[in-house]
Amino acid sequence: EMCIRDRGTNATDILTGRVIPLKLGFVGVINRSQQDIDLQKPIKAALNDEAKFFTIYYPKLAHKCGTPYLAKTLNRLLMMHIRNCLPDLRTRISKMLSDTRQEIQTYGDPLIEATGSKGATLLQILTQFSSDYRDSIDGKLTDTAINELYGGARINYIFNEVFGSCLSKMDPNEGLSPNDIRTAIRNATGPRTALFVPEVSFDLLVKKQIKKLEDPAIQCVDDVFEELQRIVNQLESKELIRFDNLRERVVEVVINLLQECRKPAKDMIQNLVEIELAYINTSHPDFEGSSGAIGAIIDKMAEQKAKENQSHFLQQVQGSQNQGSTTQGKPQTQNANQRTQTQASQQLQQSSNQHTGRDTKDDEGGFFSSFFGSSKKPQNKHTAHLERSHSKQPPTSERSNSKRVLTQVPERIQTASTQPSEKEKFETELIRSLLVSYWNIVRKNIQDSVPKAIMYFLVNKSKAEIQNELVSKLYKEDLFSELLEEASDVANKRKSLNQMLEMLKRANDVLNEVRDFNVNK
């Protein structure tokens, strides 16, 4: 401020930066004094006096001094700083413009109060929601996550990985012990011992196992139903977010539609299981049948019996050798070993011939007769007791007062308390083998039919009827105002966003002007 310097002082060295060097240098000015303010000296006159002062006392520095030069210098520095920061500012403002426009779109345009306009808006929203629901199931919805399964892919996962895997891991003989099978066979024979395995026992047991497939199938319907509910709750378009009442009513209508479709699906699946229970098709080409099962079981049991006889005979031979070794010498021992091995081979061959039916001399003691019954079959004490227990007992009042000779009949008779005979072992294995074979046939049928039934009655039906259901329940003139009522803060938020958008546009225009500004003017 040259106005406060002492008279006679030369400030040339200071103004040129020789005393205190500055990067941008010094600019000398003369400010208005209090006397000028009191006398109301004009600004223009003050600027003229300032210019005369520098022309008289600092002629060489006059062009770089004065208030006008200072203002021009500061303006140039500001513009240069703005231009240096211009790329970053333009990027930030452009991003803010894009974000603001997108946010405004989520709130939609202000509704026109005309009834026709509201009806068109409501119909458009319902149509868009129905289309999004179908696309999400068919895998055509583009706005989905890529890090997890969504929509129809989750339904496919339920069919194959959940339901199919569960059926594949189920044990056909789960809950059926050998004693249960023996009991079923005995109950099916009635008061007399059957020569062959009764088919009634097989039907009873296989139906019991088939019935277990119903629960997983019904649970599969519930899982798909919950997945469709999940899709409905995740479909949040910008219009549904805008209208809370409309969103609640749309979700309610769709859930009711899904519940209506779920009941026929469950009924159909129950009918599928009942169809399998209604007729046990033992003539199915994939069913191994009794002939194939009997052959496999006979071979298995014959092999097992031969091994048991061989092991038992070798133990006897070993015992006789141990006794003979204490009384005879080494040569006699070798001869005895040879004789015992020969005898063992002969007895094993006879045992094998007996169980495979090759010995025709004895018609009553063959392998099949031991399985299917014989007129001379010996009975142990407990078996005879069980057979006598089936005979008709006289009423208690007619019984004599003589001492009771028979054993008391128990309240509950269980087969687990008796040792199974060879015939019962064979029949049990036969029933188990046939159960596994027929179970696999029914399991494949259920595993194939249940997903088809769910898709037809639940998924595809809901896709076909969702739009008609929404329009019939919600497109009513008396509901337009209620359904299209915006939330209280939606209009205020839309207004503030529009104001911000206008300010950002003006800021962008200013930056464009700065870019074209010539600082050397």
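## Salt bridges: criterion and count

A salt bridge is defined here as a side-chain nitrogen of Lys or Arg lying within 4 Å of a carboxyl oxygen of Asp or Glu. The structure is a predicted model, in which local features require pLDDT of at least 70 and side-chain atom pairs count only at pLDDT 80 or more, whereas totals for chains, interfaces and linings use all residues. Side-chain values rest on heavy atoms, with hydrogens and water left out, and residues are numbered from 1 along each chain as its sequence is written.

Under this criterion, the count comes to twelve salt bridges. Helices and strands are DSSP runs (H or I, at least four residues, for helices; E, at least two, for strands), numbered from the N terminus. Accessibility is classed by relative accessible area: buried under 20%, exposed over 50%, and partly exposed in between (1.4 Å probe, protein chains only).

## The network around Glu227

Arg154, Glu227 and Arg230 are linked in a network of salt bridges. Arg154 and Glu227 pair through their side chains at 2.6 Å, N to O.

The salt bridge between Arg230 and Glu227 has its closest N and O atoms 3.8 Å apart. Arg230 and Glu227 are three residues apart in helix 9, so about one helical turn separates them. Glu227 is buried, with a relative accessible area of 6%. Arg154 is partly exposed at 24%, and Arg230 is likewise partly exposed, at 32%.

The side chains of Asp267 and Lys263 form a salt bridge with an N to O distance of 3.2 Å. Asp267 and Lys263 are four residues apart in helix 11 (residues 244-278), and therefore about one helical turn separates them. Asp267 is partly exposed, at 30% relative accessibility, while Lys263 is exposed, with a relative accessible area of 56%.

## Helix 3 and its two faces

Helix 3 (residues 43-57) comprises 15 residues and reaches 21 Å from its first C-alpha to its last, close to the expected 21 Å. The expected span is 1.5 Å times one less than the number of residues in the helix.

The buried residues of helix 3 are Ala46, Glu50, Phe53 and Phe54. Viewed down the helix axis, these residues fall within an arc of 90°, and so they line one face of helix 3; the arc is taken over the directions from the helix axis to the C-beta atoms. On the face of helix 3 turned away from the buried side are the exposed residues Lys44, Lys52 and Ile56.
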